[in-house]
Amino acid sequence: MTQFSVIIPTLNEVDNIDPILTRLFALNRASGSFEVIIVDDGSQDGTPDKVHAWEEKANVRLVERKSKPDLTASILAGVAVAKSNVIVVMDADLSHPPERLYAVVAPVLDGSHDVAIGSRYVPGGGIEGWPLHRQWLSRIGGWLARPICDVSDATSGFFAFRRELASTISEHAHGYKILLELLLAGQGKLKVVEVPICFHDRTHGSSKLSFSHQWIYLQRLMTLAGGSVAIGTANRYVAVGLFSIIIDIGLFQLLIYSGAGLSLAHIMSFFAATAVNYTLNLKWSFQSQHSDPLRWHQLGRFLTVSVMALLMRGGVLAWLVYGWHIPPLLAIFPAVAATAAINYLGHAFYVFPVNKNSPSLDIRWRVTSVGVVAFIILLRLIYLGQAQLIPDEAYYWNYAQHMDLSFYDHPPMVAWLIWLGTAIAGDNEFGVRIGAFLSGLITMGYLYALAKNLYDKSTAMRTVLLLAILPFSFATGIVMTADAPLLAAWAATLYYMERALIAGHSSAWLGMGIAFGLGILSKYTLGLLGIAALLFVILDPIARHWLRRPHPYLAALLALVLFLPVIIWNMEHQWASISFQSSRLKGVGDDQFSTHLLFVNLLVLLTPVGLLAAALALRPGSEHDNSQSARRRRLFVWIFTGTPLAVFFVLSMFDSLRFHWTAPLWLAALPTIAWMMGQNVDLRSIKGRLQAAWRPTIVTCMFVYAFILHYVVLGIPGIPYPAFMKYYFWRETTHEIEQIVEEVRLQSGQEPLVVGMNKWSIASTLFFYNRKDEPMDIRSRNMFGDSGAMYQFWHPAEPPTTRSIILVGMDQQQVEYDRSGNDITSMLDQPGPVQSMIIMREDIPLRRVYYRIAQGYLGYQSTPESVISKHN
Ligand code: GDD
Ligand code: MN
């Protein structure tokens with residue numbers, strides 16, 4: 001009886017026939033029986049004759065195809081004549097060791113699996129004799145398939161499957177990757193196993209894999225993912241695209257020549273080109289299509305993609321022109337190339353996707369995730385070195401200029417990261433922020449792994465999608481504050497908590513100790529997860545046994561050791577930062593009921609849709625699964641989100657909180673929210689509407705981020721900067737202050753003191769952007785009795801001086817009064833009038849700055865009020 005059929009496609013393999021059949025039939029004598037079907041595609045080297053010679057002595061058949069050679073078609077032709085219901089496919093050239101045949105076919109033969117893959121990329125598998133470039137091509141091919149196909153070796157040519165699956169393969173399938181087609185046709189429903197094999201490069205004949213096969217592979221992959229490779233009438237679409245590019249570049253050059261700014265020129269040329277592109281596509285590329293090709297919603301999507309491409313390319317231009325000092329006339333070329341790529345991918349997957357229902361909802365979410373996450377990561381990377389620092393970042397940069405074990409108002413991680421980033425990438429915005437960017441990637445990695453462990457790979461991908469688009473996590477991935485490493489450590493801690501408490505891996509405690517230690521070096525809020533963990537082990541009977549094991553205690557000890565720098569610093573500084581932080585334990589200290597504000601903050605941090613989704617995710621009964629693992633998972637999400645949330649909720653009843661304090665606690669809820677996004681629900685139910693609301697939310701968030709970045713870096717013509725930009729644009733502002741200092745220096749013949757007239761932000765930004773050879777001598781308002789945070793340590797007291805003094809403020813108040821409203825002129829010698837100036841960039845007003853010059857400083861005179869304010 002024939003148990004299974006081995007199909008071997010051949011194309012000019014004359015020297016391989018004897019060896020492979022000999023080795024195969026040597027197996028046959030030992031165990032079971034199979035037939036071999038050789039499908040030849042018109043070999044010219046005598047391969048068919050060789051096979052005929054075998055047909056008499058063994059169970060071999062030859063199928064000769066006469067049509068155009070094609071591997072997939074050959075295999076299907078073999079399947080058509082096979083006598084058994086289990087099929088194995090392998091190469092003729094002995095690349096696939098015949099001795100692994102039974103190992104590969106066994107899982108299908110015994111009925112436990114639908115498909116078994118001879119895999120090079122699982123432990124025990126490998127490749128021998130392939131040149132490096134071939135290995136890389138194979139790897140890249142595999143990686144490209146990973147988002148939509150959950151196996152390690154989707155391009156293997158050695159695999160077994162149940163025969164009836166062949167009928168599920170798309171009629172469009174062709175080329176080398178029949179396995180991929182098979183897997184995707186049955187996505188999610190097939191039981192697949194990978195059996196390790198070692199691939200040996202052939203010794204006889206040559207490979208038939210050509211560039212065109214790889215091209216076909218890419219095209220099939222794109223189609224299977226739901227993208228249209230060819231859009232409209234493909235040649236016309238391409239021609240229209242090229243024509244639009246010429247218009248874009250030509251008009252841009254013209255506008256730049258006639259003196260338009262970078263922003264105006266590239267936006268105008270882009271919109272002109274887009275209008276031409278759209279009209280020509282409509283009238284020409286899609287003309288032959290029978291259905292009405294460009295409907296309203298497609299116009300909307302077309303514009304959406306265009307605007308995203310435009311806002312991204314502004315960053316590319318800024319990077320090249322401002323960062324690398326490449327002339328705009330040259331920089332426009334790579335910028336346009338980036339635009340074209342975004343436009344094409346957007347059109348292929350979003351505006352004109354293939355038949356809407358063909359990839360499953362699940363695959364469409366995955367493709368969306370990959371696209372959006374890639375866009376957001378690129379957006380951050382391109383803009384992070386171009387957008388000027390906000391005051392907080394500049395303050396932490398100042399920390400890094402006074403490297404220490406810890407600091408007064410924050411633990412040291414943020415400073416250490418800035419120190420490292422600027423040491424490697426240069427003392428500029430990019431160097432300051434690269435740590436935040438990398439922290440964002442680490443957050444994504446750990447949360448992906450957590451969601452995959454709690455749910456599945458699709459959920460994990462949507463979790464990363466949420467991280468990319470939700471405001472709290474988008475911002476922490478580009479702005480360098482303590483929250484960036486905090487989020488990464490929080491995600492890592494959650495991951496190890498799950499591994500230890502739910503999966504029961506004792507080795508996870510080591511990771512937990514490290515993550516917790518590093519996290520608490522970032523921000524003390526992480527401590528709330530410790531409370532949550534304790535609560536979990538108390539409530540979960542299975543995890544409770546950890547209380548009697550050494551691991552949690554050793555992990556805590558390890559975290560404590562990592563935390564030592566903060567303890568040592570505090571010992572040396574009269575516990576200053578500990579007492580500062582414990583005064584903050586109740587909030588910012590205004591004793592106001594602020595729960596309603598907490599709610600408003602959550603709307604901003606999570607978006608309304610995100611907040612509603614979080615509420616649904618945490619609602620009891622959100623999931624119907626009542627298995628033990630599902631119940632433990634719910635408890636985990638509940639406790640690790642709910643505990644810190646409850647703490648902040650209670651605090652908010654007695655005091656105001658900073659608006660971003662709750663940000664990290666939402667990490668634990670994201671996997672459940674992401675899971676809900678992919679469920680099939682009644683479209684009219686609340687959950688259904690929520691699902692429908694995600695798409696516009698994602699698009700809006702992407703647009704808002706791209707818009708803000710373009711706006712602050714390049715400006716948007718016609719939209720002036722609002723008054724609150726007084727907190728920003730310190731690069732240009734510092735430049736103006738430098739001019740004033742220069743004048744005073746010349747007049748008085750002495751180095752003036754420059755005082756940033758608030759706690760730390762003005763002084764910090766002036767320090768960062770002061771790039772003249774002669775640095776300014778900068779102080780903060782603690783000179784006038786304000787609390788200066790770290791400036792109190794760097795410049796504890798200022799003696800009276802006859803040097804000139806320049807006060808710098810963001811508004812008039814700041815250069816007139818101290819923090820508690822006392823006139824500061826009594827501490828100044830001959831204070832001049834308050835002056836103000838509008839800061840410009842290329843004829844565009846950015847903001848206003850206030851300043852005031854005095855002839856000397858009389859020393860700090862405390863008034864009763866300012867004594868009180870110091871204690872606040
Ligand atoms: N009938 C038929 N028609 N057979 C073909 C054709 C064709 O058009 N093209 C190639 N073959 C046969 C070859 O004779 C050989 O038996 C087998 O298919 C594999 O072809 P190779 O030319 O040896 O491919 P390769 O070694 O470069 O690629 C192998 O490794 C890849 C992994 O990256 C194959 O196993 C691929 O399927 C695999 O993807
Ligand atoms: Mn080969």
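Let's begin with helix α6, where Ile178, Leu179, Leu180, Glu181, Leu182, Leu183 and Leu184 are buried. That's seven of the eight residues in α6 (residues 178-185), so the rest of the structure largely encloses this helix. Keep in mind that you're looking at a predicted model.

**The chain as a whole**

- Counting up the pieces, you get 30 helices and 16 strands in the chain.
- Picture a box of roughly 115 × 75 × 55 Å, taken along the principal axes: that's what the C-alpha atoms fill.
- The chain has 872 residues, and buried ones make up 54% of them.
- Take the contacts with a separation of 6 or more: 77% of them come from residues 24 or more positions apart.

**The seven-stranded sheet**

- Seven strands make up an open sheet with mixed pairing, in the order β3-β2-β1-β4-β7-β5-β8.
- At the edges you'll find β3 and β8 (192-196), each with a single partner strand, so each has one side without a neighbour in the sheet.
- On average, neighbouring strands here are turned by 20 degrees against each other, direction ignored.
- Inside the sheet, β5 (residues 115-119) and β7 (residues 159-162) run antiparallel and are paired over three bridges. In one of these strands, β7, Phe161 is the bridge partner of Val115.
- Helix α4 (residues 101-109) packs on this sheet and touches β1 (4-10), β2 (34-40), β4 (86-89), β5, β7 and β8. The direction of α4 makes about 20 degrees with that of β7.

**A loop residue, Asn59**

- Asn59 sits in the loop between α2 (47-55) and β3 (60-64).
- With a relative accessible area of 34%, Asn59 is partly exposed.
- What does Asn59 touch, leaving aside its neighbours within four places in sequence? The contacts are Thr2, Phe25, Phe34, Glu35 and Val36.
- Thr2 is 57 residues away from Asn59 in sequence, yet the two are 9.5 Å apart in space, C-alpha to C-alpha.

**The five-stranded sheet**

- Another open sheet has five strands, again with mixed pairing, in the order β11-β10-β12-β15-β14.
- The edge strands are β11 (777-780) and β14 (835-841); each has a single partner strand, so one side of each is left without a neighbour in the sheet.
- From one strand to the next, the twist averages 30 degrees.
- Strands β12 (residues 805-809) and β15 (residues 844-854) run antiparallel, joined by five bridges. Look for Gly809, whose bridge partner in β15 is Tyr850.
- Helix α27 (residues 730-748) lies across β10 (753-756), β12, β14 and β15, and runs at about 35 degrees to β15.

- Helix α23 (residues 595-618) packs with helix α25 (residues 670-677) at an angle of about 95 degrees, and their axes are 9 Å apart. That makes the two helices, α23 and α25, roughly perpendicular.
- Where they meet, α23 brings Gly610, Ala613, Ala614, Leu616 and Ala617, while α25 brings Thr672, Ile673 and Met676.
- Sorted by class, this contact between α23 and α25 has six nonpolar residues, two polar ones and no charged ones.

**Cysteines**

- How many disulfides does the structure hold? The count is zero.
- Cys149 is buried at a relative accessible area of 2%, while Cys198 counts as partly exposed at 22%.

Technical notes. Residues are numbered from 1 along each chain as its sequence is written. Chains are lettered from A and ligands numbered from 1 in the order in which they are written. This is a predicted model: local features need pLDDT of at least 70, side-chain atom pairs count only at pLDDT 80 or more; totals for chains, interfaces and linings use all residues. Side-chain values use heavy atoms; hydrogens and water are left out. Two strands pair if DSSP finds at least two bridges between them. Helices (H or I, at least four residues) and strands (E, at least two) are DSSP runs, numbered from the N terminus. Axes are lines fitted to C-alpha atoms, for helices over the stretch in contact, and angles run from 0 to 180 degrees between N-to-C directions. Contact means heavy atoms within 4.5 Å. A disulfide is a pair of cysteine sulfur atoms within 2.5 Å. Buried means under 20% relative accessible area, exposed over 50%, partly exposed in between (1.4 Å probe, protein chains only). Angles under 35 degrees count as roughly parallel, over 145 as roughly antiparallel, 65 to 115 as roughly perpendicular and the rest as oblique. Ala, Val, Leu, Ile, Met, Phe, Trp, Tyr, Cys and Pro count as nonpolar, Asp, Glu, Lys and Arg as charged, and the others, Gly among them, as polar.
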